[in-house]
Amino acid sequence: MEITNKQIADYTESFTSEEPEIIKELVKASDDDLEFIDMLSGRQTGMLLKLLVSISGTKRILEVGTFTGYSAIMMADALPDEGKLITCEMNERYRRISEPFLARDPYRLKIKQIMGNALEIIPKLEGTFDLIFLDADKVNYPKYYRLAKEKINPGGLIVVDNVLWGGDVLSQKNRKAEAIHRMNEMIRDDDEVEQLMLPLRDGVTIVKMKE
Ligand SMILES: C[S@@+](CC[C@H](N)C(=O)[O-])C[C@H]1O[C@@H](n2cnc3c(N)ncnc32)[C@H](O)[C@@H]1O
């Protein structure tokens, strides 16, 4: 299902800030190496994340699902010099593509990538975060939401991508759509948060922990 009319999607994207040069290089490197790059969050979700980091004064970010580094770099761009972003990825091929980009200044100083299964990594992380971006492993979205709530600061933001799963959440006709729908219900029924679900690309929910 098309979430947003294609012409409107193209129009809104063309009126959104352009990505920095490094992101254009990263998209090209990803495209040259991989058959599909549709996992990239893209200009509008990337810009939404960057703006959220900047207007919330976020200093510590946790990302679940680096892929080739698009959203990590967009968010790190808005972090202050002392800011930190931890990003989890389990696929070695994607890590090799992101490596030269994450190694550049100032990203090298701000971004730490941890390889492995995020479900095992997150409980072992020290400290808490101002913003957590969930963008991996859709069948486990309910588990990630629970884990994120244990690691988020009061007033912090949990941002979740692909909350509409191409419209499949309406019928929940596959495991991923069923899990995403279950997490959407958990967020809706959670008294500790305020949230906004946006029909942006494949659906993005912004959750704010009450203070
Ligand atoms: C949608 S992509 C992330 C896109 C990225 N945030 C961006 O904007 O370019 C999801 C990524 O999560 C990774 N992934 C899937 N399951 C995972 C898990 N259990 N732990 C860590 N990473 C996982 C996949 O290998 C994939 O690279």
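Trainee: At what angle do helix α8 and helix α9 pack?
Mentor: Helix α8 (residues 141-151) and helix α9 (residues 175-188) pack at about 35 degrees, and their axes are 8 Å apart. Axes are lines fitted to C-alpha atoms, for helices over the stretch in contact, with angles from 0 to 180 degrees between N-to-C directions. Helices (H or I, at least four residues) and strands (E, at least two) are DSSP runs, numbered from the N terminus.

Trainee: What sort of model is this?
Mentor: This is a predicted model: local features need pLDDT of at least 70, side-chain atom pairs count only at pLDDT 80 or more, and totals for chains, interfaces and linings use all residues. Residues are numbered from 1 along each chain as its sequence is written, and side-chain values use heavy atoms, with hydrogens and water left out.

Trainee: Back to the helices, which residues meet?
Mentor: From α8, Y141, P142, Y145 and R146 meet A179, I180, R182, M183, M186 and I187 of α9. Eight of the residues in this contact are nonpolar, none is polar and two are charged. Ala, Val, Leu, Ile, Met, Phe, Trp, Tyr, Cys and Pro count as nonpolar, Asp, Glu, Lys and Arg as charged, and the others, Gly among them, as polar.

Trainee: How many residues of α8 are buried?
Mentor: Eight of its eleven residues are buried, including Y141, P142 and Y145. Buried means under 20% relative accessible area, exposed over 50%, and partly exposed in between (1.4 Å probe, protein chains only).

Trainee: New topic: which polar atoms lie by the ligand?
Mentor: A polar side-chain atom of S41 lies 2.7 Å from a ligand oxygen atom. A backbone N or O atom of G65 lies 2.9 Å from a ligand nitrogen atom, and for an N or O atom in the side chain of D137 the distance to a ligand nitrogen atom is 3.1 Å.

Trainee: And T66, is it buried or exposed?
Mentor: T66 is buried, with a relative accessible area of 2%. The residue is in the loop between β1 (60-64) and α4 (70-77). Leaving aside neighbours within four places in sequence, T66 is in contact (heavy atoms within 4.5 Å) with T87, C88, E89 and Q113.

Trainee: Last one: where is L48, and what does L48 touch?
Mentor: L48 is in helix α3 (residues 42-56). Not counting residues up to four places away in sequence, L48 touches L198, L200, V204 and I206. L48 counts as buried, at 18% relative accessibility.

Notes: Polar contact = N/O pair within 3.5 Å; in protein donor to acceptor, adjacent residues only side chain to side chain.
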